[in-house]
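Subject: A structure for you to explore

Hi there,

Here is the structure I promised to pass on. Have a look at it first, and then read my notes below.

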Amino acid sequence: MVSGSRLSGDFTTRLRLQGLLGGAIAAVSLGFLWGNLWVADRYSQAQPCEKEPGQLQLRGLLLLTGLLSLLIGCLLLHYGQIAFAHWHPDFIGKPIALQSPIPFSPEAVWAIGPQAIQSPLVLGLGVGLAIGLLIYPRLGLGAIGLVVSLSFSVIASECWTTILLARSPSQFNQIDPLFGHDLGFYLFTLPLWELCEFWLVGLLLLGLLSVLLTYLLSSNSLSQGYFSGFSLRQRRHLDGLSGLLLLAIALSDWLDRYRLLYSSAGAAYGASYTSVNVELPIYTGLSVLALGLAIGLLGKV
């Protein structure tokens, strides 16, 4: 029989780890998002002489900012749903084995579309959020950054077992025939990389979209009826965020290579002939391409 002191110690260790993990992710995420919004607000005051050619008329400006607002709303809904699905406030029960959360992707946008069509509430919230971001971008983007950061915090704290398993991986002394990794890599290390992928892609994508929308709405562009272009500082800021996002995408494409080993898309479970000879080179090429583009953009900052 396990003693009460042992149970109390395990319970305290779990709470401490979850609190530290969730608090660190929330602080870093919120600091990154709000920090970039603060920088974007400063760079929005750039002098007209710094502007580069690229004027955007009212119709195109409304279309672009509306699409960005809707995309930010989809991102908020995506991560909010995942956080709600991962929230299991049962501190006494046994740890729940959770699958690695899915990063935001075009497929996630297409999945949200039917929800909006079937639910007038979701559709109304999405349209209202898009309009609100166009009217009060600073307040709206700041609030979304807070909600998404808290969502990341909840998800990370509930995946605390992933962190513990990755810290002390076991070796199975069996090597996969495609990549030459020990099977323990797929059980202990890969889930942690997938968790980092989920967090980085969402964080950097939201940061880039928020900064881009802030710049497009700066200098009362909607009331004036046109956007005169990005300043040199704004371009460098966007290049830096785009480069970081491409690094996260390169990581995501690289991890997709390993996921081919337990894919269920083919006739049999695992990597099929098409996966090995077609999909694997594509994911490898996309990862290298994204890495090259990221280096090029970051070199311009």
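A residue counts as buried when its relative accessible area is under 20%. Keep that cut-off in mind for the first stop, and remember that this is a predicted model.

Let's start with Ser252, which sits in helix 9, residues 232-259. Is Ser252 buried or exposed? Its relative accessibility is 14%, so Ser252 is buried. Setting aside residues up to four places away in sequence, Ser252 touches Glu197 and Arg259.

Next, please find helix 2 (residues 58-86) and helix 5 (residues 137-158), whose axes come within 9 Å and cross at roughly 30 degrees. Because of that angle, helix 2 is roughly parallel to helix 5. Helix 2 makes the contact through residues including Ile72, Leu75 and Tyr79, while helix 5 contributes, among others, Leu141, Ile144 and Phe152. Sorted by class, this contact has 13 nonpolar, three polar and one charged residues. The crossing of these two helices is left-handed.

Helix 2 has another partner to look at. With helix 7, helix 2 packs at an angle of about 150 degrees, and the axes are 10 Å apart. This angle makes helix 2 roughly antiparallel to helix 7. Here too the crossing is left-handed. Among the residues in this contact are Leu68, Ile72 and Leu75 of helix 2, and Leu206, Leu209 and Leu213 of helix 7. Which classes do the residues of the contact of helix 2 with helix 7 divide into? There are 16 nonpolar and four polar residues, and no charged ones.

Now for the interior. In soluble globular proteins, nonpolar side chains tend to be buried together. The largest nonpolar core in this model has 45 residues, and the members that touch the most others are Ile72, Leu75, Phe104, Phe152, Leu206 and Leu213. Helix 1 (4-43), helix 2, helix 5, helix 7 (183-216) and helix 9 each supply at least two residues of this core. Helix 7 gives the largest share, 14 residues.

Apart from its neighbours within four places in sequence, Leu213 is in contact with Thr65, Leu68, Ser69, Ile72, Leu133 and Leu141. There is also a second, separate core of eight residues, including Phe179, Phe185, Leu255 and Leu280.

Enjoy looking around, and write back with any questions!

Best wishes

Note on methods. Residues are numbered from 1 along each chain as its sequence is written. This is a predicted model: local features need pLDDT of at least 70, side-chain atom pairs count only at pLDDT 80 or more; totals for chains, interfaces and linings use all residues. Side-chain values use heavy atoms; hydrogens and water are left out. Helices (H or I, at least four residues) and strands (E, at least two) are DSSP runs, numbered from the N terminus. Buried means under 20% relative accessible area, exposed over 50%, partly exposed in between (1.4 Å probe, protein chains only). Contact means heavy atoms within 4.5 Å. Axes are lines fitted to C-alpha atoms, for helices over the stretch in contact, and angles run from 0 to 180 degrees between N-to-C directions. Angles under 35 degrees count as roughly parallel, over 145 as roughly antiparallel, 65 to 115 as roughly perpendicular and the rest as oblique. A crossing is left-handed if the near helix is turned anticlockwise from the far one by less than a right angle, and right-handed if clockwise. Ala, Val, Leu, Ile, Met, Phe, Trp, Tyr, Cys and Pro count as nonpolar, Asp, Glu, Lys and Arg as charged, and the others, Gly among them, as polar. A nonpolar core is a set of buried Ala, Val, Leu, Ile, Met, Phe, Trp, Tyr and Cys residues joined through side-chain atoms within 4.5 Å.
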